Amino acid sequence: MRKQSKWVLRVFAVATTCALLFTGPSALANSLNDLKSQQKELEQKKNTINSNIKETEGKINDNASKIEQIMAQIQALDTEIITTEDKISKVLNEIELTTTEIENLKASIAELERKIEERDELLKERIRAVQVSGGSVSYLDVLLGANSFIDFIDRFSAVNTLMEADRTILKEQADDKKQLEEQKASLEDKLKQQEASKNELLNLKAELDKQKASKGNLVDQLEVEQKKLQADKQEMESEYDEVLNLSEEVTNKIVAEQKRQAEIARKLAEEKKRKQAEERKRQQAASGSSTAIPAVSSGDWTRPASGRLTSGYGYRMHPIYGKGKMHYGIDFGAPTGTTVVSAADGVVSYASPLSTYGNVIMVTHSIDGQTFTSLYAHLSSIKVSVGQAVSKGQSIGAVGTTGNSTGPHLHFEIHIGTWSGMANNSVNPLRYISL
């Protein structure tokens with residue numbers, strides 16, 4: 001029914017134009033009356049569109065409520081993911097420590113076995129020597145065979161030295177064998193401990209994969225709801241454009257209305273900036289600093305700045321242009337000067353002003369064989385240079401309001417591959433960072 005109404009209005013407009021071109025004065029008067037009649041119909045149509053706008057706004061409010069609920073679930077999952085990643089990091093450290101202890105034990109056991117084997121050979125040689133001499137020679141025979149008292153003293157000293165050497169060898173052999181058994185038992189315990197840690201690690205990684213999958217599903221739901229919002233807004237704007245194209249008078253009214261609303265928006269923006277400045281002063285007075293650095297998460301990614309998430313990824317009403325536009329990143333509201341950090345390990349690939357982004361930094365990352373590019377916009381300062389290697393959580397700039405911005409905030413994007421425009425290969429950053 002709506003499409004049919006649009007088609008009738010178009011036909012009516014074409015017919016009226018033809019009448020103006022090919023008829024005389026009386027026909028012109030009739031055409032003017034027809035135009036007035038058409039304008040009346042357009043006004044009625046405009047009223048109908050306004051009703052549709054209100055209906056669509058209701059749907060948008062419903063979607064916004066759903067989006068808030070999904071965002072709350074995503075943030076709860078982010079907390080679980082951070083906890084699990086911290087546990088994984090702890091278990092990996094335990095495995096690394098146990099591996100070092102195992103290697104040290106193995107080296108010690110090998111050394112003990114070598115010493116025991118050498119003493120075994122020495123004792124065997126002693127036994128063979130006795131056997132070669134007939135097996136009947138004893139330390140007493142050696143002493144009684146002395147030719148003189150001096151010879152007896154020499155023989156006694158030699159026999160005493162040999163007996164002491166035998167006792168020392170036997171004691172060292174017994175001690176080393178005991179130590180060998182103890183270290184083998186300790187090695188067995190360490191191997192069991194490491195096996196338990198590896199099993200725990202597997203369970204934690206499975207749990208992490210499950211949590212990330214759940215988060216991915218929630219982000220999918222979020223984007224579905226945002227697409228619904230986008231479809232409703234586009235339908236409403238498309239219908240409104242049809243009326244504007246058919247009536248210059250309506251267009252003029254809309255232009256005047258837009259100017260009036262722009263002035264209101266300007267005043268609201270000024271008021272918002274004033275309140276934000278007051279809030280920044282209050283926060284700085286309370287904390288003594290406006291450059292808070294966000295806690296660095298375990299895993300490959302971390303959030304790039306502290307502050308509240310003020311705008312998500314997806315279709316939204318743009319605060320500057322006053323109409324629906326796709327938002328290819330997420331925004332963090334924070335005072336000017338707040339520290340901005342690299343969201344992952346990488347190399348700075350851009351660090352200069354860029355169009356409506358204002359001061360911008362791009363960092364190229366390679367994670368599990370996949371190339372990503374992260375973008376940080378509207379910065380008040382840039383603290384890195386192109387080609388510089390940066391670590392996850394390293395300070396690279398500061399929050400500002402350069403470029404097209406209504407107030408201090410960080411606009412953050414993630415692209416798969418290299419950056420070639422905001423709309424190319426952009427993905428929802430919530431898939432990777434935890435709030």
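Me: In the hairpin of β6 and β7, which residue takes a positive phi?
Reply: Ser 355, with phi near 50 degrees. The hairpin has 5 residues between the strands. Keep in mind that this is a predicted model.

Me: How many bridges pair β6 with β7, and in what sense?
Reply: There are 6 bridges, and the pairing is antiparallel. As one of the partners, Ser 352 is bridged to Val 360 in β7.

Me: How many residues lie between β7 and β8 in their hairpin?
Reply: The turn there has 2 residues between the strands. Asp 368 in that turn has a positive phi of about 55 degrees.

Me: Is β7 largely enclosed or open?
Reply: β7 is largely enclosed by the rest of the structure, because 7 of its 9 residues are buried.

Me: Back to β8. Which sense does its pairing with β11 have?
Reply: Antiparallel, with 6 bridges joining β8 to β11. Ser 374 has Ile 414 in β11 as its bridge partner.

Me: How many bridges join β8 to β10?
Reply: 3 bridges, and those strands run antiparallel as well. Ile 382 stands opposite Gly 397 in β10.

Me: Ser 374 keeps coming up. Buried or exposed?
Reply: Buried: Ser 374, in strand β8, has a relative accessible area of 0%.

Me: Why does that value count as buried?
Reply: The cut-off for buried is under 20% relative accessible area, so Ser 374 at 0% qualifies.

Me: What does the Ser 374 side chain make a polar contact with?
Reply: The side chain of Tyr 376, at 2.8 Å. Leaving out residues up to four places away in sequence, Ser 374 touches Ile 361, Met 362, Val 363, His 365, Phe 412 and Glu 413.

Me: What does Ser 306 touch, not counting residues up to four places away in sequence?
Reply: Ala 292, Pro 294, Phe 332, Gly 333, Ala 334 and Thr 338.

Me: Now the largest nonpolar core. How many residues, and which have the most contacts inside it?
Reply: It has 37 residues, and those with the most contacts inside it are Trp 301, Ile 330, Ile 361, Tyr 376, Leu 410 and Phe 412. The elements giving two or more residues to this core include the helices α2 (25-132) and α4 (149-246), and strands such as β7 (359-367), β8 (370-382) and β11 (409-416).

Me: Which element gives the largest share of this core?
Reply: α2, with 5 residues.

Me: Take Ile 330. What is it in contact with, leaving aside neighbours within four places in sequence?
Reply: Among them are Leu 309, Tyr 313, Leu 410, Phe 412, Pro 429, Leu 430 and Ile 433. The list also includes Ser 311, Gly 312, His 411 and Asn 428.

Me: Last, the whole chain. How many helices and strands?
Reply: 5 helices and 12 strands. Of the 435 residues in the chain, 35% are buried.

Conventions: Residues numbered from 1 in each chain as written. Predicted model: local features only at pLDDT ≥ 70, side-chain atom pairs only at ≥ 80, totals over all residues. Heavy atoms only, no water. Core = buried A, V, L, I, M, F, W, Y, C linked by side-chain atoms within 4.5 Å. Buried < 20%, exposed > 50% of the residue type's maximum accessible area, 1.4 Å probe, protein only. Helix = DSSP H or I, 4+ residues; strand = E, 2+ residues; numbered from the N terminus. Contact = heavy atoms within 4.5 Å. Pairing = 2+ DSSP bridges. Polar contact = N/O pair within 3.5 Å; in protein donor to acceptor, adjacent residues only side chain to side chain.
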